[in-house]
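Hi there,

Here is the structure I promised to pass on.

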Amino acid sequence: MKFGKTLRDSVIQEWRFYSVDYKAMKKALKTSAADDGSDSDGGYGGPYEEADMDEFFALYEESKTKLDRFYDDKEKWAVDYMQTLEDRVEALRDTSSNPPSPSCGTDTESSSDSEEENNNDIGNSPTSAAVHTLTLSRSHKRRVSTNCSWLKDEYRRVGKSKHFQNYIYAKKSLCTFDRELDLLLEFLSLNKTAFGKILKKYDKRTGAMIREEKLAELAESHAFLDGEVLAELKDRVVAMIDEVCALKPTLPEGWEERKVYTIGCFDLFHRGHQNVLMALREFGYFIVAGIHDDESYFKLKNKYTVDNLETRMKNVKPFVDQLYVIPSTSPTPYLKAMVSEQDIETGSCCYARGDDMLQFPGREWVESVMPVHFVPRTENCSSTLLRTIYHAEDESLRKKAAFAKTRYDGKPIDEDGNVLKLSHAASCPAHMTAKA
């Protein structure tokens, strides 16, 4: 595979704007080679004029600048965020006395003893045996109902306990940050390689010998490409994750066998979506996700989706076990249809989502039948940010958003704290026109 494709495929879409513009620089080399009479196979075929490479060096310097600004922002954020993570771990330490784990053993044993005593008192007549069997059946149902009711209350109690909430926020924040550091380290490595490869192509095309000199300059001006600071942070994070896992609270029986429901739009599917969906496994084993169709998305947000419904479903499905479509702005009727009465009765279900929208549509009904859990959202990441950087028609707005500060929910903001807004699409995208 050619390196240009490897670079594009390996860099997450959120960060492609900041990556070395390898494709454009390669094109500039080819254009210049054609203009100055170089060999068609890319070899040097004539006198080299530096002026012919103005576009190449302009792209080269722009790539350096974008990468430098991107890294400065990321390192500052990462170092500052470590304090938030340390505070969350400290909060977990303060509440690390495990909540009591439910145990039905004592009740079951005492009930069994009582039943055995009753059985000894019963005669051998068929009528007595039949009456006793019916009595035991009713008694068993009452005990099952009582245990289910107790478990449901216990699920809610543990979910709302400070110990569990501190554990979830500490663990999920750390795991998300750990993945972020891995992505950043890979990003730096790929871009360092990109500089080396494009400079090698430059030497080959022009007959110059500037690669080693330029790489030496990069090693000084962009020393961060080695990733030493981020690697040190990662070592600290891994140690913190181990500690947090050791402080996990004792969970009620059946907690990990529950179904977990969630709902979203998932447009411009990004690492923030992935992190939330992966975090849902903390609450159960079977993930059921509802996804709004294109028309309901437009009614909810007053803008069209970038990715059509089929694309969004394809992106989400690898992270969930079951997926259904919500063709309305109100998800409640569809969620009601998906949740079985048996799961509600036995407490075998819960609802979980990111904490960027605490008062989500349908919360009143959801909370009346199952526990609701929240997980921390991914910092500096949102569909709005991606939409503005990669899909705004105004080029100046794209660049402004790329290096803008972000709000708590990841949306880009200006100096006054206002969200950078796109003008709404004037026409309906093709994937929605086809449905009309």
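Of the contacts in the protein chain between residues at least 6 apart in sequence, 77% join residues at least 24 apart. Please keep in mind that this is a predicted model. The protein chain has 17 helices and 7 strands, and buried residues account for 44% of its 436 residues.

On to the aromatic rings, where the count is 27 aromatic pairs. One of them is phenylalanine 56 with tyrosine 60, a stacked pair with 6.5 Å centre to centre and 15 degrees between the planes. Both residues sit in helix α3, 4 residues apart, or about one turn of the helix. Tyrosine 60 is buried, at a relative accessible area of 1%. Tyrosine 60 also pairs with phenylalanine 195: the ring centres are 5.5 Å apart and the planes are at 75 degrees, so this pair is edge-to-face. Because phenylalanine 195 belongs to helix α6, the pair ties together parts that are 135 residues apart in sequence. Phenylalanine 195 is buried too, with a relative accessible area of 0%.

Ring pairs also link Trp15, Phe17, Tyr18, Phe70, Phe187 and Phe403 into a cluster. As for charges over rings, the charged end of arginine 258 sits over the ring of tryptophan 255, 4.0 Å from its centre.

Cysteine 349 is in no disulfide either, with the nearest cysteine sulfur, that of cysteine 350, 7.3 Å away.

Best wishes

Technical notes: Residues numbered from 1 in each chain as written. Predicted model: local features only at pLDDT ≥ 70, side-chain atom pairs only at ≥ 80, totals over all residues. Heavy atoms only, no water. Helix = DSSP H or I, 4+ residues; strand = E, 2+ residues; numbered from the N terminus. Buried < 20%, exposed > 50% of the residue type's maximum accessible area, 1.4 Å probe, protein only. Contact = heavy atoms within 4.5 Å. Disulfide = S-S within 2.5 Å. Phe/Tyr/Trp six-rings, centres within 6.5 Å; stacked < 30°, edge-to-face > 60°. Lys NZ or Arg CZ within 6 Å of the ring centre and 35° of its normal.
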